[in-house]
Amino acid sequence: LRCQHYPALRALQTSATLRRAFDEHRKEPLTSSSQQHFDSPPAGHQPEQEPQRPRPSYTGQGGQESEDYESEEQLQHRILTAALEFVPEHGWTAEAIAEGAKTLGLSVAAAGMFHSDGSELILHFVSECNNRLSKLLEKEHKLVQLGEAEKKPIDEFLRDAVEARLRMLIPYIEKWPQALSVLLFPRNIPASLNLLTSMIDDIWHYAGDQSTDFNWYTRRAVLTAIYNTTELVMMQDSSPGFKDTWRFLENRVADAMTMSNTASQVQSTGEAVVQGLMGAAVTVSN
Amino acid sequence: CPALLARLAGAVRASRGLAAGPEMHFGFQTVTEEERREKIYQVFESVAKKYDVMNDSMTLGIHRVWKDILMHKMNPCPGTLLLDVAGGTGDIAFRFINYVRSVRQRQLQRKLKQHQNLSWQEIFESYQKDKFDSLGDSQVVVCDINREMLKVGKQKAQHLGYSKGLSWVLGNAEELPFDDDKFDVYTIAFGIRNVTRIDLALQEAYRVLKPGGRFLCLEFSHVSNPLLSRLYDLYSFQVIPVLGEVIAGDWKSYQYLVESIRQFPPQEELKAMIEDAGFFKVDYENLNFGIVAIHSGFKL
């Protein structure tokens, strides 16, 4: 009478696989670093491990958290990360997600967890790129703080940050226009706008912006415009190494700097003119 | 043998004081488990030949749309292994084959587009190669407990010209004749209502699915809108049995049908049962205000 044994067996299975999964997770960073040193096939080793090891299982239905539980979100993350590898071939589609799920030892039907237009895959990718950019900027910031590097002038900083972020698109550049259009679907606009603004925020934060006045808005608007236009230029740039794009970026950042200088110049000139007029008025009245 | 097991299971459960003993509902009547299974078998034995005609007339053809929506929700890619339980006359199976075939066509077209400047010879050869692959290794297994329904399904398949990637298996949803971790997708369309022990069927579904596999259930469900519910009840109890008598000469079977819809657990309850069987990301989508609902869960 199998039905009677099912619940007990499942509990055992869950805890055993949880423990194994946790060990796997702990082992993984080690194997990847040893890969760098030894160049021997732990790379060949891992795909063999994949089908043998049972996919990590989840909490019991009670939903209690323990240290070694992988939530549905984490599994979805892993599937999407695995799917990125298939994007150049299949595009940002459910097929790429299905292939990604296959590499994790899951059925292709697991792609049904996501939307069929690939929105989640794209948003996941954008979010991952933003995280990488943050880490990069953080690292540079630390170096500057420790005095091991020079603090870059603002235009160079912005230029490097935008370039670093856009370079992350290069492996997927052929299918990126498709992704951009999907990000513009009304359903996705809140999420994509959110990601964009937080990325721009990050860059300005590490650039040392501490403004609390209207400048905050102007700075972010300007950098957003620079980023978006450069991204579009990159889409149809066929120069080697995208050097046309980087030149465009340089010019736009320079424009922005000139604009702000001009703006402050205009402001101070304006103030000077007003003061002169006031003085003249006082003189005349006396 | 399954009958014996079921009786033993019933006895063990009764001795443990679990569930509601061997008393079950058959429409609005109360019967034992055994009687229920037999009665349901007889119902489908008698409706088998007119099953499709009755479906069309009762739902005014809308059942086709429901099944199409189910297929779109599944969005299978070539290479998927589908188990269609209680699949009787093969509606879901045929739709699956059509869907996968068209996805495969698009895939091949895209691949060809990428290879520009091919000679005619090369194009011809690529079509030859992929001719054996028009389904891309996708397969559907139709499993039904009722021999008559399977017979009708096989005849339909022959008539419509479906042969590749299709197989017909006689089996009980509560005890599937398949190994563990075999299928990518498990569907049960308008069938789970007729299963006597739904929890067992769900457990079997969990067992035969691969990790990451998907469970999809299309079934009549509960309408919460009171006005619509009144109209629906009126239609169900006044019109459908009459149609059954006129078209199929079988009032009682269609009376059973509409009664069984009322007895079936509502959306949330079914969702909880699916979660109990071990599925994750369980969700449901109401079609036509709850007249029909698609439940989906993943074996993660």
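In what order do the 7 strands of the open sheet in chain B run? The order is 5-4-3-6-7-9-8, and the pairing is mixed. The structure is a predicted model, in which local features need pLDDT of at least 70, side-chain atom pairs count only at pLDDT 80 or more, and totals for chains, interfaces and linings use all residues. Residues are numbered from 1 along each chain as its sequence is written, chains are lettered from A and ligands numbered from 1 in the order in which they are written, and side-chain values use heavy atoms, with hydrogens and water left out.

Chain B contains 11 helices and 9 strands; helices (H or I, at least four residues) and strands (E, at least two) are DSSP runs, numbered from the N terminus. Of its 300 residues, 52% are buried, where buried means under 20% relative accessible area, exposed over 50%, and partly exposed in between (1.4 Å probe, protein chains only). Among the contacts in chain B with a separation of 6 or more, 75% are between residues 24 or more positions apart; a contact means heavy atoms within 4.5 Å.

Axes are lines fitted to C-alpha atoms, for helices over the stretch in contact, and angles run from 0 to 180 degrees between N-to-C directions. Two strands are taken to pair if DSSP finds at least two bridges between them.

Strand 8 (residues 280-287) and strand 9 (residues 292-298) of chain B are paired antiparallel over 6 bridges. Phe280(B) has Phe298(B) in strand 9 of chain B as its bridge partner, and Asp283(B) stands opposite Ser296(B) in strand 9 of chain B. These two strands form a hairpin with 4 residues between them, and Asn288(B) in the turn has a positive phi of about 55 degrees.

Met24(B) has Val31(B) in strand 2 of chain B as its bridge partner. There are 2 residues between the strands of this hairpin, and Gly27(B) takes a positive phi near 65 degrees.

Helix 4 (residues 62-74) of chain B lies across strand 3 (81-85), strand 6 (183-189), strand 7 (209-220), strand 8 and strand 9, and runs at about 160 degrees to strand 7. Helix 7 (residues 147-160) of chain B lies across strand 4 (139-144) and strand 5, running at about 165 degrees to strand 5.

Asp233(B) is located in helix 9 (residues 226-248) of chain B. Asp233(B) counts as partly exposed because its relative accessibility is 30%. Leaving aside neighbours within four places in sequence, Asp233(B) contacts Gln238(B) and Arg262(B). The C-alpha atom of Asp233(B) is separated by 9.8 Å from that of Val223(B), 10 residues apart along the chain.

Chain A has 11 helices and 0 strands. Of its 286 residues, 37% count as buried. Among contacts in chain A between residues at least 6 apart in sequence, 67% join residues at least 24 apart. Chain A is divided into domain 1 (71-116) and domain 2 (129-277), with bounds that come from an automatic or database domain assignment. The C-alpha centres of the two domains lie 31 Å apart. Domain 1 of chain A gives 8 residues to the contact and domain 2 of chain A gives 7 residues.

His124(A) belongs to helix 6 (residues 119-145) of chain A. His124(A) counts as buried because its relative accessibility is 6%. Not counting residues up to four places away in sequence, His124(A) touches His77(A), Leu80(A) and Thr81(A).

Helix 7 (residues 154-167) and helix 9 (residues 189-206) of chain A pack at an angle of about 145 degrees, with their axes 10 Å apart. In this contact, Ile154(A), Phe157(A), Leu158(A), Ala161(A) and Arg165(A) of helix 7 meet Met199(A), Ile203(A), Trp204(A) and Tyr206(A) of helix 9. The residues of the contact divide into 8 nonpolar, no polar and 1 charged; Ala, Val, Leu, Ile, Met, Phe, Trp, Tyr, Cys and Pro count as nonpolar, Asp, Glu, Lys and Arg as charged, and the others, Gly among them, as polar.
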